Amino acid sequence: MYEVFATNEQKKLREEVRDFVKTIPRQLLIDMDADKVRFPKEFLVEAGRRNLLGLRFPPEYGGRGLKWVDEMIALEEISTLGSSLTCLYSLVSIVGEGLSVFGNEAQKQKYLKPTLEGKMYCAEALTEPRGGSDFFGATTVARKEGSHYVLNGQKRFIVGAEGADYFLVYAVTNPEAAPHDRLSAFIVERDMGVEAKYVYGLMGTRGGGTGRIIFRDVRVPEENLLGEENGGSKVFYQMMIPERIVSGTTGSSRAMLEVAARYADKRKAFGQKIRDFEGVSFKIAESITKLDAVSALAYTVAKAVDEGIGTSGYRRRLVSEVKKFATEMQWEVINDTMQILGGIGYTSVFPVERALRDSRLQMIWTGSSEVMSVIIQHEYYKDILAKGVEGRDVEADVAPDEAEATEEKIYE
Ligand SMILES: Cc1cc2nc3c(=O)[nH]c(=O)nc-3n(C[C@H](O)[C@H](O)[C@H](O)COP(=O)(O)OP(=O)(O)OC[C@H]3O[C@@H](n4cnc5c(N)ncnc54)[C@H](O)[C@@H]3O)c2cc1C
């Protein structure tokens with residue numbers, strides 16, 4: 001969809017990523033889905049070797065100094081590999097965002113650079129057993145003791161619980177403060193004493209080492225505080241941009257739709273190709289329209305983020321719209337794709353059942369659809385109520401006697 005606007009450099013980048021994606025063995029995807037591989041480091045090693053990780057970050061740390069729109073183009077290709085490898089690829093961008101924006105020089109050299117080189121593996125640890133949506137209600141505690149913080153608590157559903165070298169962890173440093181001022185962000189190395197307890201049996205998106213991590217008196221040196229003490233909310237809000245905007249890439253669902261369209265062009269029922277039935281071809285029409293609408297929104301928002309358009313609240317709303325709309329539309333498209341394939345779509349003869357299992361998660365993690373709705377309406381109300389009616393006052397465009405009937409506008 002973004003095709004028409006892509007520059008020659010962006011087209012070259014897409015080809016470069018496409019070449020990388022084609023080298024990933026099919027067996028790896030199958031073994032990850034079968035939980036035979038729990039954390040495929042070799043994928044990150046090779047992406048790093050090709051200088052394809054964290055494309056937005058400055059070249060001195062191993063990035064390419066590109067923009068969000070470029071990264072989205074790369075992600076379109078990566079996402080054809082399924083959600084688990086896309087997640088591992090994106091984690092570099094998400095955790096990297098925290099390190100790049102809030103890290104000091106020593107932290108960037110020690111963590112960001114080797115992560116972008118594919119030599120060190122990162123994870124983010126926000127969600128706790130007591131709940132993920134209520135992020136600011138976190139209970140993991142970091143108590144200051146001399147030159148260390150001592151962490152106690154648990155996080156769950158952490159991709160890379162098995163496999164990551166370090167975790168970006170949020171913990172309470174000021175229990176008395178208001179929710180947004182209680183948390184700090186820390187870079188916690190596994191070797192500092194993090195225990196990985198339980199790797200979950202997941203419906204899809206397998207092979208990312210998703211598990212529970214436990215901190216029992218884990219001593220974290222004070223130089224591993226990321227940003228200011230009690231400034232965790234700033235890091236969190238910054239990281240939610242990459243975390244949610246990546247949902248707007250449609251590589252996987254476009255690929256599945258294409259599988260269905262090719263099938264519909266060959267498969268016959270009642271003596272004719274099934275694409276000749278409106279019930280089938282209109283699903284194709286609706287699906288491609290949905291995906292193009294997702295891309296149009298996602299790339300516009302990527303550009304708005306790149307250019308810092310509007311307030312941070314406005315950008316938060318746009319990014320949340322992408323997360324909600326993109327994940328819901330992609331779920332619908334992949335579901336319709338399965339319908340078009342009929343019974344064989346429900347089997348592992350086609351990759352659609354795996355994509356459907358993968359895509360169900362997207363509406364839950366990194367802020368559920370409901371949480372996105374909470375943000376979207378909140379920021380929208382805040383915006384329109386602060387500025388009043390700026391354009392034509394359409395509410396007054398009624399018959400004159402109705403316009404004067406103000407006593408009929410009863411609000412309480
Ligand atoms: C496979 C997988 C991988 C994950 N990877 C990571 C990771 O790497 N790092 C990490 O930190 N987390 C990760 N998560 C956690 C994920 O982000 C959370 O599961 C998600 O944010 C929801 O939190 P919860 O599961 O605690 O549900 P809850 O917060 O308990 O929510 C339960 C339900 O209540 C709804 N709800 C909650 N609050 C509201 C509200 N205010 N208004 C309306 N509805 C509401 C939710 O939408 C949901 O439907 C992962 C999860 C999974 C399943």
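What follows is a chat about this structure, topic by topic.

Me: Before we start, what kind of model is this, and how is it numbered?
Reply: It is a predicted model, in which local features need pLDDT of at least 70, side-chain atom pairs count only at pLDDT 80 or more, and totals for chains, interfaces and linings use all residues. Residues are numbered from 1 along each chain as its sequence is written.

Me: Great. How many helices and strands does the protein chain have?
Reply: There are 13 helices and 10 strands in the protein chain. Both are DSSP runs numbered from the N terminus: H or I over at least four residues for helices, E over at least two for strands.

Me: And why call it compact?
Reply: The radius of gyration of the protein chain is 23 Å, close to the 22 Å from the globule rule for 412 residues, so it is as compact as a globular protein of that length. That radius is taken over C-alpha atoms, and the rule is 2.2 Å times the number of residues to the power 0.38. Along the principal axes, the C-alpha atoms fill a box of roughly 75 × 65 × 40 Å.

Me: What percentage of the residues is buried?
Reply: Buried residues make up 46% of the 412. Buried means 20 or more other C-beta atoms within 10 Å of the residue's own, exposed means 12 or fewer, and partly exposed is in between, with C-beta atoms placed from the backbone.

Me: Now the domains. Where are the bounds?
Reply: The assignment gives domain 1 (2–121), domain 2 (125–230) and domain 3 (250–387). Such bounds come from an automatic or database domain assignment.

Me: How far apart are domain 1 and domain 3?
Reply: Their C-alpha centres lie 22 Å apart. The contact takes 13 residues from domain 1 and 16 residues from domain 3, where a contact means C-beta atoms, placed from the backbone, within 7 Å of each other.

Me: Which element gives the largest share on the domain 1 side?
Reply: Helix 4 (residues 68–78), with 6 residues. The side of domain 1 that touches domain 3 divides into 5 nonpolar, 4 polar and 4 charged residues. Here Ala, Val, Leu, Ile, Met, Phe, Trp, Tyr, Cys and Pro count as nonpolar, Asp, Glu, Lys and Arg as charged, and the others, Gly among them, as polar.

Me: Switching to the ligand: how many residues surround it, and which are the closest?
Reply: 23 residues surround the ligand, and L126, G132, S133, F157 and S368 are the closest. A residue is near a molecule if its C-beta atom, placed from the backbone, lies within 6 Å of it.

Me: Which non-glycine residues have a positive phi?
Reply: Among them are N51, at about 60°, and T205, at about 50°. N51 lies in the loop between helix 3 (41–49) and helix 4, and T205 is in the loop between strand 6 (195–199) and strand 7.

Me: Buried or exposed, those two?
Reply: N51 is partly exposed because 16 C-beta neighbours lie inside 10 Å. T205 is buried, with 24 other C-beta atoms within 10 Å.

Me: Last one: what surrounds A125?
Reply: A125, in strand 1, counts as buried because 29 C-beta neighbours lie inside 10 Å. Leaving out residues up to four places away in sequence, A125 touches K155, I158, F167, L168, V169 and I213.

Definitions and conventions. Contact = placed C-beta atoms within 7 Å.
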